[in-house]
Amino acid sequence: QQQQQQQHGPLSKPSSSSDTEAGCFPVTKLSPMCQSVKMSCGLTNLGNTCYMSSVLQCLAALPPLKYALHQGLDLHGFASPCPLKAKNAPCTCCLMQNQMVQQLVTPCSQAIRPSGILQFLHLFSK
């Protein structure tokens, strides 16, 4: 599976016949995982960020993304570490992965600030 991840990336659809047409992960793995992984925490409004926060909440609730993050998969699809991170440059994949992981590990009774995404929001439009 790790070799397949390196060839296709963690979020691309594998060509295995055992996988279903529902997406990149077998439904048999998604169903139990969705029941065991909690919902993400709330997000603090940082001034006109409610729509951005809604999108982040929706992304954090997607079963394939939750599965990938729960398994510790790299969302880049690179076999090696992020080339931008090595140059100390902002990377949209790294920002999203860090945000989603933070949302999923923070207790539901707390809210977090999506300031990393907001700070580099202009990168997502490029």
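Biologist: Which elements have the lowest and the highest mean pLDDT in this model?

Modeller: Helix 1 (residues 2-8) has the lowest, 43, and strand 2 (residues 111-112) the highest, 92; pLDDT is the predictor's confidence in each residue, from 0 to 100. Helices (H or I, at least four residues) and strands (E, at least two) are DSSP runs numbered from the N terminus. Over residues 1-23 the pLDDT is below 50. Where pLDDT is low, the predicted coordinates should not be read in detail. This is a predicted model, in which local features need pLDDT of at least 70 and side-chain atom pairs count only at 80 or more, while totals for chains, interfaces and linings use all residues. Residues are numbered from 1 along each chain as its sequence is written, and side-chain values use heavy atoms, leaving out hydrogens and water.

Biologist: Why does Phe-124 count as partly exposed?

Modeller: Buried means under 20% relative accessible area and exposed over 50%, with partly exposed in between (1.4 Å probe, protein chains only). Phe-124 has 32% relative accessibility, so Phe-124 counts as partly exposed. Phe-124 lies in the segment after helix 7 (115-119).

How values were computed
Contact = heavy atoms within 4.5 Å.
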